[in-house]
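Q: I'm new to this one. Can you walk me through it?

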Amino acid sequence: MVVLVFLLLELISYNVCEAYLAKCRLQGPHRPLHTYHQPGEFLIGGIVFHGSFISSPATFTEEPPSALPEELVVVPKLYQHIVALAFAVKEVNEDPHILPNITLGFQLFDSYINARSTYLATLLLLSNVEKFVPNYICDVKNNLTGVIGGLDSEISFYVATILDVYKIPQAHLAKCRLQGPHSPLHTYHQPGEFLIGGIVSHGGFISSPATFTEEPPPALPGELVVVPKVYQHTMALAFAVKEINKDPHILPNITLGFHLYDSYNNARSTYFATLLLLSMVKKFVPNYICDVENNLTGVIGGLDSEISFYVATILDIYKIPQLIYGSAPVMNDKSPGLPFYQMAPSEALQYEGILSLLLHFRWTWIGVIAMDNDNGERFVQTISPMFTKSGVCFAFLERIPDYSFISEIYDMLQQGAIINHKILSSKANVIVANGESYSLATFRWLSYLSEHEDMTNNVESKVWITTAQIEFASFVFQRNWDSRVFNGTIAFEIHFINPPRFHPYVVHRNPSGTDGDGFIRDFWQQAFGCVFPDTTSDKVEGSICTGEEKLENLPGTFFEMSMTGHSYSIHSAVYTMAHALHAMSTSRLRHSEIAYGGRRKNQNQQFWQLHHFLRSISFNNTAGDVVFINQDGEAASSLDIVNWIIFSNQSLHRVRVGRLDPEAPPDQSFILDEDAITWHSWFNQTQPLSVCTERCLPGSSKKVKEGQPPCCYDCIPCPEGKIADQEDMNDCYKCPDKDYPSKNRDACLPKDISFLSYEEPLGMSLACCSLFLSLITALVLGTFIKHHDTPIVIANNRNLTYTLLISLLLCFLCALLFIGQPEKVTCLLRQTAFGIIFSTAVSCVLAKTFTVVLAFMATKPESRMRKWVGKGLGHSILLSCSIVQVGICTVWLATYPPYPDVDMHSMTEEIILECNEGSVAMFYTVLIYMSCMATVCFIAAFFARKLPDSFNEAKFITFSMLVFCSVWLSFIPSYMSTKGKYMVAVEIFSILASSGGLLGCIFSPKCYIMLLKPELNNREQLIRKKN
């Protein structure tokens, strides 16, 4: 009879199971291509690496196809790992001393070296052999004892985080059984036709580490450390869903629900919560949906990057959308293909904003504090080169340790005391802090530790700059700790506008009016420091919670009545999901592909199509902001720069002092009103300084001290010719060519335009001298023309005399070409006219000299020189010598003509307008040719100076050539040693002096005779004979 009853019960349970399966369904991805199963009473799981797929990324416009064998790239060498495991199992089964009468089996899956396939394989190991239903064991074939794998550290980590949920293998209890961890303490479920999943961070457990010697007990509320501030995230999601359900324009006739779980800030609880979202509402059976209540459309979460990563790797298996309301830098690196949407601004934007803020206030010597985790390490690795390149140095770089177990708290406090000492003893007045949402509560330990130390400095002297991820929050045991250490903090926060009706919603929130909220009870107790009466116990320790406590009475570190940035991101995420669902539903109605209502077949298998709508979503939320998600899955959001003002009652007042908007024009992307900033009272409302070395004043540059960071330097004066017109310049620089350094070398002054002009005394004097000598020459020429029939004029070759005087007149006048601003015509005529005219004058003197010499040589008996005596000789010498100089000048003008030029380098404070000679060689060729003629003339005249003749010019020519050569010999060094207009003045002076020497030495004796001693101007004097 007992046997019959037993068989009937088994049959009934089997039929019930079959009936249950008929109304339920399985959802999930495609089966893996490669498995290796050997049955046994005990099974060993294995995660191996056989190869990887090369395929295109998911477009989310159609259901993703299953992986194809031809897309697989196999690494043949690794097949030996599979052979080794199968061989080892075979050897164990053949050994009578190991597991006698027990068959060991195994189940192998390929990880394909990616997170999605690894998580799928691990979950398959936890399912029955033929169906993907993790945690639901309905056969005796899958008695998993342990897992071997994987080959790489990342793959091993993915496997471990799933297996950690189950801790140790379960014993075989019945034919069908549920296995798994204890149910979570905090959930919040509101039913609806479409469900939004949520992973929030309400708190964390502090307990002792698992010993694996006994089954771990369920988590106790007493071990939970709540961060009350983040409860607003839960309220924001519930508020947004409530508003959407009231709105007739979004999802009409459809009720939106949600299901929230707490991640407890650890991987195990996060994976467990994510798998619960994929299970039935009341039982933990992921992938096995047996009611229509769990129509999961998407997941919102998590707050911190690591939590978001854990969620994303599970949801990626099902292609379920995930909207992250916190930042996720680590996720972007580890799995760039995960289907998530980031509602908060990117980390890169925050780093650029912090750097702009530091450079704005010239804070170049700062401290950096980050959490000692992957996210903190990434933060440090990112900002270090960026800040160093911009001249910002780190006075200290400290990593704050995190803790999970009670045994770690003492070590954390010791390390915190060391870090606190470094912070307080540093010269840096600015601290850049990066961390997670709860990190500020951890940072508060530093000021708490300083209260017990005798320090001459004070942490109040620091300016804190926090990233958007950090909330102004505290742990409950920090209720009475003073938060004013963070007064004056400059925080980068997610831009938000308080939605209408949110404040009344918060005011009326209490434990008695929130059905299904499993978070509010612990929040209320820990935030208000009271306890709710326990119906099972008569004793109540502490004050009793009435439920009528006012949230507005809580300090700012526990709760704020206005919406925070993260809550605003959650609010926008819920509306984004609702608008995407509305768009997808409208599209289905338009194409008549599926009936719109509550009774749909395999509806949530189509939710991967939401990605198409999410990546083009754009709408105005209830606060008036535009919500837009680009094709990269990033919401176009900005950052507010907020100044925290903390009062003695621990209340917080946020003052927006700036904004960082990536969509704005470059010159308006960073806006800051520094006058609106309230600094900590330590600084007496003056802008704090945070530099290693006092600023280098203009006129000096920085020289880095050997072995010190670039921000620690000495100030050295700028060298000659360079300036530094700003403070803290790395190098002095030269002024532009049109400017010159000031006396203090701190500015560039415009150079004066310099050329020899008629307006200045020097130019006016030389012009007057030129005109005066020209007038004298003209008078001399007139005198000679008047007395052209007198013996003294006739005796000295009258034609050559006239030519010489005219040449001298032109020489004096050509000096005027050198005065005034250089022009193209004057530059062409200056040197060439001077060379030709002077050569003509010297040729005349040379002709007169040779005429005198040959005339006396011809008086000797039987002299052959008589045929050369006459006017023709002088004219020939004049023409031939002049033509040579004309030829030289013609070649000069044809090849390298002079041109107007600007010399900006010769004079420090002047820009010289000059005539560039074009060819210095041609210029000196002209001078050398004249010098040669003058030298020949001087030698000939020197030897003829004693010839007996009353009107002998040889001696006068000798003196004139002596003056001429002396002037031009001194001209060369003087010309080379002077610059600018004085060089021109030297040449003018040389022209006037040499021409005046010729005029005076040759013609003054003749003028004296003609004008003052006319009695000597007769033939008798000309032919007198020597005694």
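**The six-stranded sheet**

A: Start with an open sheet of six strands, ordered β10-β14-β11-β16-β17-β18, with mixed pairing. Strands pair if DSSP finds at least two bridges between them. Strands (E, at least two residues) and helices (H or I, at least four) are DSSP runs, numbered from the N terminus.

Q: Which strands are the edge strands?
A: β10 (187–190) and β18 (340–342), and each pairs on one side only. Neighbouring strands in this sheet are turned by 20° against each other on average, direction ignored. Axes are lines fitted to C-alpha atoms, for helices over the stretch in contact, and angles run from 0 to 180 degrees between N-to-C directions.

Q: Is this an experimental model or a predicted one?
A: It is a predicted model: local features need pLDDT of at least 70, side-chain atom pairs count only at pLDDT 80 or more, and totals for chains, interfaces and linings use all residues. Residues are numbered from 1 along each chain as its sequence is written, and side-chain values use heavy atoms, leaving out hydrogens and water.

Q: Back to the sheet. How many bridges join β11 to β16?
A: Four, between β11 (residues 194–200) and β16 (residues 296–300), and the two run parallel. G198 has I300 as its bridge partner in β16.

Q: Which helix packs on the sheet?
A: Helix α5 (residues 231–246) does, touching β10, β11, β14 (256–262) and β16. The direction of α5 makes about 170° with that of β14. Helix α6 (residues 267–277) lies across β11, β14 and β16, at about 155° to β14. Contact here means heavy atoms within 4.5 Å.

Q: New topic. Where is L551, and is it buried or exposed?
A: L551 is in the loop between α14 (520–528) and α15 (565–591). L551 counts as buried because its relative accessible area is 3%. The cut-offs: buried is under 20%, exposed is over 50%, and partly exposed is in between (1.4 Å probe, protein chains only).

Q: What does L551 touch?
A: Leaving out residues up to four places away in sequence, L551 touches V506, R509, F523, W524, F528, F559 and M561. V507 is 44 residues from L551 in sequence, yet 6.9 Å away in space, C-alpha to C-alpha.

Q: And N101 and N253, where are they?
A: N101 is in the loop between α2 (79–94) and β6 (104–110). N253 is in the loop between α5 and β14. N101 has a phi near 65°, positive in a residue other than glycine. N253, also not a glycine, has a positive phi of about 65°. N101 is exposed at 79% relative accessible area, and N253 is exposed at 78%.

Q: What about the whole chain, how many helices and strands?
A: The chain has 25 helices and 37 strands. Of its 1027 residues, 50% count as buried. Among contacts between residues at least 6 apart in sequence, 72% join residues at least 24 apart. The chain exposes about 48000 Å², with 58% of that from carbon and sulfur atoms. Accessible areas come from the Shrake-Rupley method with a 1.4 Å probe; for residues, only the protein chains shown count as cover.
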